[in-house]
Amino acid sequence: MNSPVETAIGSASRTGRAPDGFELQEDRLFPSDPRSRDLARELYSTVSSLNVISPHGHVEASMLAEDAAFSDPVSLLLSRDHYVLRLFHADGVDIERLGAGSGAPADPRAAWKIFCDRWHLLEGTASGYWMRDVLGRVLGLPVEPSPANAFTTYEFLQERLREAGMRPRALFERFNIEVLATTDDPLDSLDAHRQIRDDASFSGRVLPTFRPDAYLDPSGSGFVEATERLAAWSGAAVDDYTAYIRALEDRRGYFIEHGAVSADHGVHDLLTVDLDALEAASMYRRAVRGDLTSEEARVFRGHMLVESARMSVEDGLVMTVHPGVHRDHNDQILNRFGKDVGADIPVSTSFTENLRPLLQRYGLERDFHLVLFTIDETAYSREIAPLAGFYPSVYIGAPWWFLDAPDAIQRFRAATTETAGFSRASGFIDDTRAFLSIPARHDMARRADAVYLARLVLEGRLTHRAAARIIHELTSEQPRKVFKL
Amino acid sequence: MNSPVETAIGSASRTGRAPDGFELQEDRLFPSDPRSRDLARELYSTVSSLNVISPHGHVEASMLAEDAAFSDPVSLLLSRDHYVLRLFHADGVDIERLGAGSGAPADPRAAWKIFCDRWHLLEGTASGYWMRDVLGRVLGLPVEPSPANAFTTYEFLQERLREAGMRPRALFERFNIEVLATTDDPLDSLDAHRQIRDDASFSGRVLPTFRPDAYLDPSGSGFVEATERLAAWSGAAVDDYTAYIRALEDRRGYFIEHGAVSADHGVHDLLTVDLDALEAASMYRRAVRGDLTSEEARVFRGHMLVESARMSVEDGLVMTVHPGVHRDHNDQILNRFGKDVGADIPVSTSFTENLRPLLQRYGLERDFHLVLFTIDETAYSREIAPLAGFYPSVYIGAPWWFLDAPDAIQRFRAATTETAGFSRASGFIDDTRAFLSIPARHDMARRADAVYLARLVLEGRLTHRAAARIIHELTSEQPRKVFKL
Amino acid sequence: MNSPVETAIGSASRTGRAPDGFELQEDRLFPSDPRSRDLARELYSTVSSLNVISPHGHVEASMLAEDAAFSDPVSLLLSRDHYVLRLFHADGVDIERLGAGSGAPADPRAAWKIFCDRWHLLEGTASGYWMRDVLGRVLGLPVEPSPANAFTTYEFLQERLREAGMRPRALFERFNIEVLATTDDPLDSLDAHRQIRDDASFSGRVLPTFRPDAYLDPSGSGFVEATERLAAWSGAAVDDYTAYIRALEDRRGYFIEHGAVSADHGVHDLLTVDLDALEAASMYRRAVRGDLTSEEARVFRGHMLVESARMSVEDGLVMTVHPGVHRDHNDQILNRFGKDVGADIPVSTSFTENLRPLLQRYGLERDFHLVLFTIDETAYSREIAPLAGFYPSVYIGAPWWFLDAPDAIQRFRAATTETAGFSRASGFIDDTRAFLSIPARHDMARRADAVYLARLVLEGRLTHRAAARIIHELTSEQPRKVFKL
C-alpha cells in the first residue's frame, strides 16, 4: 500500500500540523498522553496488516463479477454514499446533482466541485475520517479537496481510476480482504456470486447474505409483490402459508449452497411474537391480500422473526438483526430519490422484552447465533450486553451506522465490556456499500480497539499479554467464530 | 475585565492549589495532559474575547431599560436562580428565606449566611462553576464564601453593587454582549425593548422572543385566560379559530417589528399533529371552553406546533423547541412559590416519530430554521444529530439546562459531531435568567469547544487549521446564521 | 493485609507488565497521565484504609453467626456469584457443574478446572477485576488461574480456606467492615442477627434489611403464599387489608428492634399509585385470591410502594428502590436452577412520572430518605440527579449491578454531579452476595472517586481541599447520613 504520495504523507505525519496536503497521521485516533499513545500504537501494529474479514456489508457482487473500471470519482465515492449525501442535503445541496437516486450525476465535474466547495461539512464526522483515508491512502490524492482544486483533483482521481490497480478485484486484493459478504434478495439468482466463485483467476471469497425483510413484513410496501414472486418461484398458491415457509427455507438452502453464512433482518421495531401455525397461516392469508391492520402486520412480522430464528436453528445461518430505524422519514425524498439517500432516522429500541418470545424458544440453542445491532446506544449497557452475557446464542454486534465512529466505538466498548467481556462481541463489521472505504473502516476499528485495550492495561485492568491476544481475537478469531467462517 | 482582584487571582492560577481565595485557573476546564492542555489553551485564546451572542435567554428587558442598581447580592444572585434554589431546597433549606417566589428575601443578610454556610452544596456543579466566576471575576470577591466570612463578603458585594460599573448597562458592555434576546409573552407591549432601542445612550441590541406556550396548550392552566386576552386584543370572538390564528400571526409580526428573530416553544412532550383546519377549529372551540380531554389537548397542542412551524416558514422567525420537562413536579411547591424555583424534572423524549408530521410538511423548507433542544441526552446521537444531518431546516441546539455543564458539553459534542459535523449546530445558547453569569457561561462553552477540538486535532481527526476556523464559527458565525442575526 | 505473596505482587506492580503472576498494580484504575495519576493516588491514599460501611448487600447473617470454614473455593467463589455464572453460561458451560442452583458443585475440582480453562471470559469485566483482587489479595494466590494450573491453584486455595484467618468473622475484621447490612424476608426470625449481636466475642455490626417484595406484589408467583404466611403470623384473616398493613408495620418494627435501618424494594417497573384505603382493601381481597389482572396487580404493587413510603415516613426506615430488571428472563433456566443464576436483564426505566404520586405525598418529608438505584444509566442525568437535586428525601444510589464497574462509575459521577453535586449521593453500596469481594468493591469505588475528583481539581473545577474533604465524605459520612447509621 505504499506509493510516493503515501510516503510524502507519511513524512508529514506525527507532526500534528502539516501545512499542506492530507494529514493522515500514523498515530491517528491514538490519545495524546504519551504512555497511552505508545501502547495503543504497539497493540495496533500487531493487527494492522491482518486480513479483512467482512461478514456483513452492501457491496454488490456484480461489481466484483464484472470487474469493470470505475467510471468517475463522483459515482464511485458520492452518489451512493448516504452518509455523505445526507450532510450535503442538510446544507441545502440539491443531491440530484451528486447523483442521488440515479447513482450517477449528470455532470460529474460539477458534482465534484460541489463536493470540494463543501468538504468542510465532513469535518469531525466518521464519513470525513473515512473519506480522508479513501482519498489520501487508497487513491493517493496528495491534497485535501478545496474550492480551488476541484478541477485538478477531479482530473487526478479520474486518471487514477483508469489504472488497472484501481479495478474492483485488484483493490479487493490490495485491501487484503479475505472474505466479503454481500446482502441479497432471497430470490436473487446469485449468478454473480457463482461467477466469482467459478473464476479461477480470482481467489477472493464473496458470500451472499439472505435478507428477507420484504418477504416478512406485511407493512412494507413491497410485501404483496414479494410474496407473489416467491409463490411464482415455488409454484405454490400465494396464500399458502406452509408453502411460503417452505419456499423461504428452500431459498435459504440455495443461499447456503452458494456460501451464505448469515441471514440479515432489518426491522423498524424488534417485537417478536410466537404464534402457533394456525394463527400464523390465517394471518398470512389476510396479509397477502393486504388486509392486515398495521398492528396485525407488526405481529406477523414479529412472528416471522421467530420463524426465522427457527430456520437458523435448523440450517445454521447466523441471524443478524438491525432494528430501530425509521426508514424513509420524509416522503418527498422517498418519492423523488427512492431509498437510501440519507433520510433514515433511528428510534429508541428495546431488546429485553421484545426479544423475549424468541429467546424463550431458541435462546439456549447452542449452535444458534443471534447478532444484535443497535443505533440506540442506550441499549448497550442496559440490554444488549446483559443479554449477550447470559444467552449462549446472543452476540453483541459492532457499532452500527451512526455509531460506527471513533468516539462511539469507545463508548460501545466501555458500555459492553464491563458486563460481557470480549468473548460476546462480534468483532468489527463494516456494513458498507462504499467499497473503497473498507480498509479505512477496518483500520479505524483496529485503532479504536487498540486505544481501548491500552487504556485497560494502563489502568491495571488487563494484562499486556491479554490485551495483545484480545486485539487479535477481535480482529480475526471472533468474527470467524461468530459468523461461522 | 481586569481588576486588582483578578490580577491576584491570575497569579494564584495555574498552580492547581491556591491555599486561599478563589481558584479561577486560567487553564480551567482544560485537560491535564500537557499537549492537550496547550492546544486547548491556544484554540480558546483565539475566541476568548469575541463578542457574546445570546440568541435565547431569560434576562428581562426592563432591567436594561431601567438600568437601576441591583439592590443586594441575594436577590441578584440567588432568589431567582432555580439552579441554586433547588440544591438548597434539597438540602433542607426553607427557600423562602432565600427569596424564592417573591424574588427578594425578607432578610438578605440572613439569606447570604445560609448561602455561605452551604456553599459546598455547589461543589462540582455547573452552577458552582458559574458562581465562582460571577463572584470572583465579575464581582471581584477575593475569597470563597464560607461560614466565617458571610458578614464581610456580604458587605463587600453590597458595596460593589453600588458602583456605577455594576449597573446592568455597564455590565452589558463590560460583558461584550453584542446581542441579547429576551423571552416574552406574545401580548407583551415590548415597551422596554422599544425604550432600549430608542435610547441613544445605549447601543446594546436587545431583542424580544415570541413565547406563545400559554396560548397554544389547552392543558396549561392559563390557556382559557390567555386566549381570552388574545381575543380581547384582536377584537374577535374568543372561540373564532381563524381569528385566533390571525392574532397569533399579528403578534408575531409585532415582535418582528421590534427585532424578534425567533419564537420559542416549551412543551412537555413533542407530539406534532397535522390537523386540517376544520378539525382544528372544532377542537379549538371546545378548548376555549375547557372541554378537551387531556389527550385531545395534547393533540391540539401538537397541531399548534405544526401551525407555528407554518408561521415560521412564512414570517421567517426561527423556531426553537425545548421539550421534555415535567414542569412543577410538586404541587406543594407550586402552590407556595409559583413556577421556576427548581421543581422541573426532565422526562424521556423522542423526536424521530413525534416530529415527523411537522417535518413532512415543512422540514425541507429552505429558510425554515428549527432548533431542537433536549435534556434527554440519549436523543443526541440517536435522533437529533441524524435529523439535523439530513433536514436542511433542523439545527442541533446547544446543551440545555442540566446539560449545560462541562462534562455534558463534551458528551454532547462527541454524540453529535461524528454524525452531523459542526455545521448543523446552533452555537452556544446560555438560556439564563442570571444576567451576571452570562460571561461565565459563554466562556465555559468556548473552553469546552476548545477541549473537544484540541482532542480531535491530536487524534488526527481534524487539521489544526480547521479547528481554529471551527471554534470561531461555533462562537460567532454559527449562532448568527442559525438565528438569522 | 500484607503477606509474602502480596509483597511479591507489590514489587511487580507499577510496571504495567509483570511477566508472571497477578498484576495488581498499586495504581490500578488511575489514569496514565502522570499529573492525574499522582493526584488520584494522593486522594485515594487518604481513604484507602477507612472502615467499610456496607448498608445494603446480600451476604447471609447465618454465615457470620456460624462462622464455619468455607468448604471449597468453588462453592465460595463461583456457585452463587451470578455475575460469574452468567458469563460461563453464555460461553456454553453447563452451570450445574459450577454449582448453580444447588450452591455446591458435585465435583469442585472439575468445576475449578472449568473456571481456569475459561478465566479469560472475565477479562475486562467488573467481575474479573474483583476476582483478581479476591484471588490475589484476599486469598494470596500468587498466579493467575490458567488451564495448566487448575490442580495446583485449587489445592492452594483449599489449603488457604482451612486457615483460621479465612473464617467469615476473621475476614470481616480483616476487611475492616464497620457495618454490614443483610437482606431478609419480613418473616425472618432474625435469629442469626441476634446471635451475632449477643456474641461478646464478635464486635461486628450486622444489620437486617426489610425486603417485602414477595408480600407486596400480586404478580409475583409467591404472593398468595407469602400473604398467607403473614396472616398466619399475625393471626388475622388473610384477606383483611387493615391487618395486612398492620402486620407489615409490625414486622418492620421487629426489624428495627434488631437494628434494621432500611427497607429495600425490588420492582420490575416503578409505577407508584396513590389509592384510597377502600380501593386498596378491595383490590387486596381479590389479590389474595389470585384474582387481579396483571394491570391491576401492577397498580396494587404501585400502591404498596406508596404505602411503604408512608411507613418509612412513620418509622424512619430508609427506603431503597431497585427497579427496572426483568427477573428470570428465561423460563428454562428458572425451572432448572431457580432464581439468581444470571438470567436477570435490565429494562428501560422512568422515574419522573412514575414516582410522582409517591413524591407528591411524601417527597418533602424531611426525615424520609428514598434512595434510587438504576441499571438504566440514561436516568442518571435525565431524572435521578434532577429529582435528588430538588427533593430533600431523594438520594442518588450508587451505580448498581452491571453499572458497578470502573468506567460506569465515571459515567455515573459525570452524569449526576454537575446537576446534583456530591451531597445528594448515597456513597458506595456493594450490594453483593460475594463476601470475599467486599474489600475489592469498596476499594474500586474509592479509586474511582479519586480519579473523578482528581480530574475536577486538575480542570480547575474543584479545589484540592474540597476534593480531599469530599472523598472522605463519600466514603464515610455520606453513607452514614443517608442510611441513618
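I call a residue buried if 20 or more other C-beta atoms lie within 10 Å of its own, exposed if 12 or fewer, and partly exposed in between, with C-beta atoms placed from the backbone. Helices (H or I, at least four residues) and strands (E, at least two) are DSSP runs, numbered from the N terminus. The model is predicted: local features need pLDDT of at least 70, side-chain atom pairs count only at pLDDT 80 or more, and totals for chains, interfaces and linings use all residues. Residues are numbered from 1 along each chain as its sequence is written, and chains are lettered from A and ligands numbered from 1 in the order in which they are written.

**Entry 1: helix 5 of chain C**

I looked up helix 5 (residues 82–90) of chain C and found nine of its nine residues buried, so this helix is largely enclosed by the rest of the structure. I listed the buried residues as C:H82, C:Y83, C:V84, C:L85, C:R86, C:L87, C:F88, C:H89 and C:A90. They pack against helix 18 of chain A and also against helix 7 (126–138) of chain C; I count two residues as in contact if their C-beta atoms, placed from the backbone, lie within 7 Å.

**Entry 2: A:P392**

I then went to A:P392, which sits in the loop between helix 18 and strand 9 (394–396) of chain A. Is A:P392 buried or exposed? It is buried, with 20 other C-beta atoms within 10 Å. Leaving out residues up to four places away in sequence, I found that A:P392 touches A:L364, A:R366, C:H89, C:A90 and C:G92. I also checked A:G363: A:P392 is 29 residues from it in sequence and 7.1 Å from it in space, C-alpha to C-alpha.

**Entry 3: chain A against chain C**

I looked up this contact and found 42 residues of chain A meeting 44 residues of chain C. On the side of chain A that touches chain C, two or more residues each come from helix 2 (34–45), helix 17 (356–362), helix 18 (378–388), helix 19 (406–420), helix 20 (438–458) and helix 21 (464–482) of chain A. Helix 18 of chain A gives the largest share, seven residues. I sorted the residues of this side into 16 nonpolar, 15 polar and eleven charged.

**Entry 4: a sheet in chain C**

I found an open sheet of four strands in chain C, in the order 4-5-8-9 and with parallel pairing. Two strands pair if DSSP finds at least two bridges between them. Strand 4 (262–267) and strand 9 (394–396) of chain C are at the edges with a single partner strand each, so one side of each has no neighbour in the sheet. Neighbouring strands of this sheet are turned by 25 degrees against each other on average, direction ignored. Axes are lines fitted to C-alpha atoms, for helices over the stretch in contact, and angles run from 0 to 180 degrees between N-to-C directions.

How many bridges pair strand 5 (residues 318–323) with strand 8 (residues 370–372) of chain C? I found three, in the parallel sense. Opposite C:M319 stands C:L370 in strand 8 of chain C. Helix 15 (residues 294–315) of chain C lies across strand 4, strand 5 and strand 8 of chain C, at about 165 degrees to strand 4 of chain C.

**Entry 5: helix 21 of chain B**

I looked up helix 21 of chain B and found a bend of about 55 degrees at B:E473. The bend is the angle between axes fitted to the seven residues ending at a residue and the seven starting there. Its buried residues include B:H464, B:A467, B:I471 and B:V482. What covers the buried residues of helix 21 of chain B includes helix 2, strand 1 and helix 20 of chain B. Just after helix 21 of chain B, B:K484 has a positive phi of about 55 degrees.

**Entry 6: the core**

I ended with the largest nonpolar core, which has 469 residues. Such a core is a set of buried Ala, Val, Leu, Ile, Met, Phe, Trp, Tyr and Cys residues joined through C-beta atoms within 7 Å. Which residues touch the most other members? They are A:L453, B:L453 and C:L453. Setting aside residues up to four places away in sequence, C:L453 touches C:L43, C:L462, C:A467, C:I470 and C:I471.

Key: Nonpolar A, V, L, I, M, F, W, Y, C, P; charged D, E, K, R; others polar.
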